[in-house]
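Thanks for passing this one along.

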Amino acid sequence: DGCGYTVLGPESGTLASINYPQTSPNSTVCEWEIRVKPGQRVQLKFGDFDIDDSDSCHSSYLRVHNGIGPTRTEIGKYCGFDFQMDGLITSKSNEVTVQFMSGTHTAGRGFLAAYSTTDKSDLITCLDNASHFSEPEFNKYCPAGCVIPFADISGTIPHGYRDSSSLCMAGIHAGVVSNTLGGQINVVISKGIPYYEGSLANNVTSKVGSLSTSLFTFKTSGCYGTLGMESGVIPDSHITASSILEWPDQTGQVKIWKPENARLKRVGPPWAAFISDEHQWLQIDLNKEKRITGIITTGSTLAEHYYYVSAYRILYSDDAQKWTAYREPGMDKDKIFQGNTELYQEVRNNFIPPIIARFFRINPLKWHQKIAMKVELLGCQFSIARAPKITMPPPPPQNKNDDKYDDLSDDFIHSVKTSLQTDKTTFTPEIKNTTVTPSVTKDVALAAVLVPVLVMVFTTLILILVCAWHWRNRKKKTEGTYDLPYWDRAGWWKGMKQFLPTKSAEHEETPVRYSSNEISHLRPREVPTMLQTQSAEYAQPLVGGIVSTLHQRSTFKPEEGKEASYADLDPYNSPIQEVYHAYAEPLPITGPEYATPIIMDMSSHPSTPLGIPSISTFKAAGNQAPPLVGTYNKLLSRTDSTSSAQALYDTPKGQPGPSAANELVYQVPQSMAHSSGSKDE
C-alpha cells in the first residue's frame, strides 16, 4: 500500500513513493520488480529523496536488491532528509527489486526515481529542467512515464518552453518522445521571451508562463509539416465520412455539414456525423503513402453549436479495405487519444513511431452533444528504400561423382534468400537535422584556405593598378603649362589668367582714358548713388597712366552693346546699362592686390559745385579695413587753409587750367607721400 506513481516500460520507467511529493503515510510498504531484456543491466537514478532518518534507517528506508525473489542480494539501504545521491545505482543482472518502507514519521516527501538500461548513460529524471544544465546544447535520455501530475511546463512549439519546465515533460508535449517508451532528446538553450503560451498536446497541458532569462527547444527530424487539409492540397473528393449531418434552419434552408468542411481553420461549420455513436468515422485519402507524425483537431468553432470530440482512436490502411488500429509498441490495446475539451482550442497528438499509410481514419469514441470536428494532419513525404540488386555467381560445374558442389550451391542460394527476407513494414531512413553542421572534407578545408589567399592576391593587384593610375594622372597634371606648384595653389585664381591672350591684339598698348563728363552732368545726389550701385559687381580700376605691359588686362566694366576695348575715348559718356559682364577681369599677379586710391578734390572742378562730398570706392590707405563693396567714403580735400583750391593731382596734359575739354587724359596720380609734401609746402 506504499506504491505511488509508477510507469514500468520495457527499457525505462519512473517510480515514486505514495503521496509524493507530499508526506507519505506511516507504516506503508511497496516493492517494484524491474526486469529488462536478458544481457542488459539496470541503472537507477533518484530525482528527489527525502526519507526520515530519525531511527537510523531502521523503520523508514529505501532498499535496492540485485535480482528478484528469495535469491536477491542487497545493493544498498538509504535514508535521510534531502539526501543527495550522486551517480547511478547499477545492478549486476537484468533484474532489480526496489523496496520502500515507511515507518512512524512526521516529515519526509518520500522519493522519485527513474531507471533505464545501462546503455543510456545520459539518463535524467522527470524532475530535471533546463536550469540544471549549463551547456547551450546537450543530449539526454528521458525515461518513460514523465507525464507526472506534480510537475508543470510553460510554452509550446515552435516558440519554446520556459527554463523552469520539466525537460522530459516538455519533450512529450512537443511530440519528441513518448510517455510510454521514453526516448532521447536534443535540447537547445536560447534567450527567454516575455510570454509563454499554453496549449494541450499529447495529454500534457502547458500553462501560460511569464518572462524568463532563458528557454529551450528541441531539435527534431523536421517531419512535422501540414499535409494539405488546411491548404486545400487534399481535394474535397478525398475527404469522406460515415454520415453527414443535415437539417433545415429557421428559414427552411437545408444546412449540410459535409466532410470537406473538416479543414482546420476554415471559416464556417465543421463536419458532423448524422448519428452520434462509436461507429462513425472521418476518412482522408492522401493520394499516396505518407509519413504521418501527428494530428491537430478542434471542435465545431461555432458558438451556437457547442460540439466537439473529446476522445478518438486512429485507423490506417494502404487500400481502404483492411484497416489497422494504431497501438504503441509493446501494447496489446488500441491507443485512445485525448481530444478537445472545448470547441475552439487546437489539440495536437503525435504518433511515436509515425504512421506510414495512404488512407487515414478518425474514429470518435467520446464527444459533447454531437460528433463534430475539424482536422489537420502532420507529416512529410515517404520514400521507400529499395533493396540493392544482388547478382548471384554461376554455380560451379557439377560432378556426378561428387555431391559436395550441390550442397554448396544450395547453401548459398538459401543464404541469399534469407538475407532478402524483410518485414512488411519498410522504415524510412534516418532524416538528418538540417541544423547539424555536416562533416568537413579535406577538399573543403583546402578550398577554405585557398579562396581567401586568392582573394587577397587579386585585391592587392587591383590596389596597385589603381595607385599607379592615380600617380600617372597626377604626374601629368604637374607637368601642365598652366599648373602651379602645390605650395602656390592657394591663390591660383589671382594670377592664372594673366598668361591667357588678350581679347584683341590691337588694343594691347591703348592708354586708359578717363572722362569727367559723366560726373559733370550728374546732379550732386546722383554721383554717390551711381558709384555705389555700380561698384558692387566689378573690381576697381588700377591706378596707372598707360597700360603698356603686354597682356595686361583692364578691370573696368566693359560697355554694353560692343566689344570691350581700351581705346574708347569716353567710356563714361555711354548710357548707363543694367546688363553687364558678371565678372571683372582678375588683377595681375605682379601688381598689388588692391588699387591705389584716386584722391580727388571735386571742389576744384569747374563744372562741379563746391560742397559736394568727395566720393571714393577704393581701399583706404593704411591698415584700415577696406570698405564694403557698394559703399562709399568721403574723400578728404587735402588743402591748406591758404590754398583750398589746390588739387593733389596734376593738371591734365596740354591744358593750362581747369577749363579743360570734356575728354581729359590724366597722368598717374601723385603718391600719398608727394601729396603730403605739397601740403607742407
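1. Let me begin with the surface: the chain exposes about 40100 Å², and carbon and sulfur atoms supply 55% of it. Please keep in mind as you read on that this is a predicted model.

2. On the overall make-up, the chain has 7 helices and 31 strands. Of its 681 residues, 37% are buried. Taking the contacts in the chain with a separation of 6 or more, 73% are between residues 24 or more positions apart.

3. The sheet I would look at next is an open one of 4 strands, in the order E3-E8-E5-E6, with antiparallel pairing. Strand E3 (28-35) and strand E6 (73-78) are at its edges; each has a single partner strand, so one side of each has no neighbour in the sheet. On average, and ignoring direction, neighbouring strands here are turned by 15° against each other.

4. Within that sheet, you can follow the pairing of E5 (residues 61-66) with E8 (residues 95-102): the two run antiparallel and are joined by 6 bridges.

5. Strands E19 (residues 245-248) and E20 (residues 254-257) run antiparallel and share 4 bridges. Pro-248 stands opposite Val-254 in E20. There are 5 residues between the strands of this hairpin, and Gly-252 takes a positive phi near 90°.

6. Now to helix H1: how many of its residues are buried? For H1 (residues 167-174) the count is 8 of the 8 residues, so the helix is largely enclosed by the rest of the structure. The buried residues are Leu-167, Cys-168, Met-169, Ala-170, Gly-171, Ile-172, His-173 and Ala-174. Just after H1 comes Gly-175, with a positive phi of about 85°.

7. Finally, a look at Thr-156, which lies in strand E11 (residues 155-156). Is this residue buried or exposed? Thr-156 has a relative accessible area of 9%, and because the cut-off for buried is under 20%, Thr-156 counts as buried. Leaving aside residues up to four places away in sequence, Thr-156 touches Tyr-161, His-173, Glu-197 and Ser-199.

Terms used
Residues numbered from 1 in each chain as written. Predicted model: local features only at pLDDT ≥ 70, side-chain atom pairs only at ≥ 80, totals over all residues. Heavy atoms only, no water. Pairing = 2+ DSSP bridges. Axes fitted to C-alpha atoms, helices over the stretch in contact; angles between N-to-C directions. Buried < 20%, exposed > 50% of the residue type's maximum accessible area, 1.4 Å probe, protein only. Contact = heavy atoms within 4.5 Å. Areas by Shrake-Rupley, 256 points an atom, 1.4 Å probe, with all protein chains shown as cover.
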